[in-house]
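Q: Got a model here that I'd like to go through with you. Can we take it piece by piece?

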Number of protein chains: 2
Amino acid sequence: MSMTADARVVRTREALRQAMVDLAAERPLEAITVRAIAERSSVSYATFFRHYADKEALLADVADVLTRDFLRQVAPLLRQRDRLGAARSLCAYVEAHLPIHQALIAGGAGETVRAGMLRQAMETVAGARPTAPEGPLDDLVLFHVVSAILNLLAWWLRNRETVDRDTMAEIIERTVLTPTAALKRQPPAALDPAQAAADRAGAIDAPRRPNIAAATYRS
Amino acid sequence: MSMTADARVVRTREALRQAMVDLAAERPLEAITVRAIAERSSVSYATFFRHYADKEALLADVADVLTRDFLRQVAPLLRQRDRLGAARSLCAYVEAHLPIHQALIAGGAGETVRAGMLRQAMETVAGARPTAPEGPLDDLVLFHVVSAILNLLAWWLRNRETVDRDTMAEIIERTVLTPTAALKRQPPAALDPAQAAADRAGAIDAPRRPNIAAATYRS
DNA sequence: CCAGTTACGAGATAGTGTGTATCATAACTG
DNA sequence: CAGTTATGATACACACTATCTCGTAACTGG
């Protein structure tokens, strides 16, 4: 058995990943063909398919390497519960590898890629959080935190002239991290009828609409 | 000039939209070809392109009709500031047209489609909100609210057996609507250094990491 | 109801990208 | 150094897109 991968394989894979990063910096993802990747990386077209099933698989690999690299750096901050520091670190990392992140987060990356990044980040955060998962809603909160951050980053990457890095980090911390951290210090409202009723009393108690009327399309 | 559209046009477009809804219920979006849409709708292949530039354009039209229909229904609740009612209405509407929403929100709908739905919802919410936009950050908050809700819905549509409609509505209200509504009653933290400093003092004041170290890919 | 306009169906066609197969050659590993 | 394995080059079948043409059917405005 060979524990060590063939040197040619690691070289080829790295060349393909680098070509993907380069191309993603100069055109939208949907305009990048396998042929172009092969040409740019000086790798044979047929060889591409010996390593990746399709373009998306390569992009997912690129995202995996990047995410792993970042999570390794931010891990100590997560353990220290330094939310603002973690947010700053995130924004700095994204800015340091701007073009590829614009493609991955703000560009039209396929569902496979996004799902992979999300899952990876969720697993890491889940492993670093204090309390064990206490219900089905905990997964949802975790999902909400990670994907909301990705959304804010997507907005930032499209409007980067408006907001600088540190401000963006603070926004992330104030609109996502701290509010959801506060949720844990409160009873899980959705499953507590008394709490929910108390909340409702605070708002304008509008008449509950019966339901939806006309369905536009048959289902 | 003809103010009224040709009857054949509305019939053809409706047939194409309905075919898209049907097909989206039985296979992933990327597996739906223009040929299949033409066949299912009993519309000629060439005729498809007389109405839509591509598959995405048709899907965007479908999303537009649905979103418009829903926003019309939820408008009174928005005016009454009934956040929980609006969230309930949203979940009910999504559930009433489940398959197409699974494709549009949780499935791999292209960037064009998602952007269209987002823009449409943002415009409506912006029109119905109390205060006029007071800064560049207001757009970001608006974006955050709408896209975070879409994210939560995407999660729900993939784990619908876990959480019922009313619970989901409450989650949306508690994790997105109310927290962001509360933000408006506080000074906009990110641009207020004093407030930010006060916040930081509350958290564990971790040493500020200098910056990111090794770049994996050249940029 | 009719004449002019317009949409539609059917079929052909060019172009592009994907994914697989084959075989000789070069490079790596142990 | 010998055996194994990755790679390069090329060819090919296939699917889908997007456009064009022409004859026919349907609709609109008067």
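Q: How do the residues of the surface near DNA strand C divide by class?
A: In this predicted model, they divide into 7 nonpolar, 6 polar and 8 charged.

Q: How many residues surround DNA strand C, and which are the closest?
A: There are 21. The closest are A:A46, B:T12, B:S44, B:A46 and B:T47.

Q: Which elements give two or more residues to that surface near DNA strand C?
A: From chain A, helix 1, helix 2 (34-41) and helix 3. From chain B, helix 1 and helix 3.

Q: Now DNA strand D. Which residues come nearest?
A: A:T12, A:S44, B:A7, B:V34 and B:A46, out of the 22 residues around DNA strand D.

Q: And which elements supply at least two residues there, near DNA strand D?
A: Chain A supplies them from helix 1 (7-26) and helix 3 (45-51).

Q: Where does the largest share of the surface near DNA strand D come from?
A: Helix 3 of chain A, with 4 residues.

Q: Switching to helix packing. At what angle do helix 7 and helix 8 of chain A pack?
A: About 120 degrees, with the axes 10 Å apart. Helix 7 of chain A covers residues 111-128. That angle makes helix 7 of chain A oblique to helix 8 of chain A.

Q: Is the crossing of helix 7 and helix 8 of chain A left-handed or right-handed?
A: Right-handed.

Q: Which residues meet there, between helix 7 and helix 8 of chain A?
A: Helix 7 of chain A brings A:L118, A:A121, A:M122, A:V125 and A:A126. Helix 8 of chain A brings A:L142, A:F143, A:V146 and A:S147. By class, that contact has 8 nonpolar, 1 polar and no charged residues.

Q: What about helix 6 and helix 8 of chain A: at what angle do the axes cross?
A: Roughly 125 degrees, and the axes come within 9 Å. Helix 6 of chain A and helix 8 of chain A are therefore oblique to each other. Their crossing is left-handed.

Q: Which residues of helix 6 of chain A meet helix 8 of chain A?
A: A:H101, A:Q102, A:I105 and A:A106. Among their partners in helix 8 of chain A are A:L150 and A:R158.

Q: Last thing, confidence. What pLDDT does chain A average?
A: 84, and 80% of the residues score at least 70. Over residues 191-215 of chain A the pLDDT is below 50. Where pLDDT is low, predicted coordinates should not be read in detail.

Conventions:
Residues are numbered from 1 along each chain as its sequence is written. Chains are lettered from A and ligands numbered from 1 in the order in which they are written. This is a predicted model: local features need pLDDT of at least 70, side-chain atom pairs count only at pLDDT 80 or more; totals for chains, interfaces and linings use all residues. A residue is near a molecule or strand if its C-beta atom, placed from the backbone, lies within 6 Å of it. Axes are lines fitted to C-alpha atoms, for helices over the stretch in contact, and angles run from 0 to 180 degrees between N-to-C directions. Angles under 35 degrees count as roughly parallel, over 145 as roughly antiparallel, 65 to 115 as roughly perpendicular and the rest as oblique. A crossing is left-handed if the near helix is turned anticlockwise from the far one by less than a right angle, and right-handed if clockwise. Two residues are in contact if their C-beta atoms, placed from the backbone, lie within 7 Å. Ala, Val, Leu, Ile, Met, Phe, Trp, Tyr, Cys and Pro count as nonpolar, Asp, Glu, Lys and Arg as charged, and the others, Gly among them, as polar. pLDDT is the predictor's confidence in each residue, from 0 to 100.
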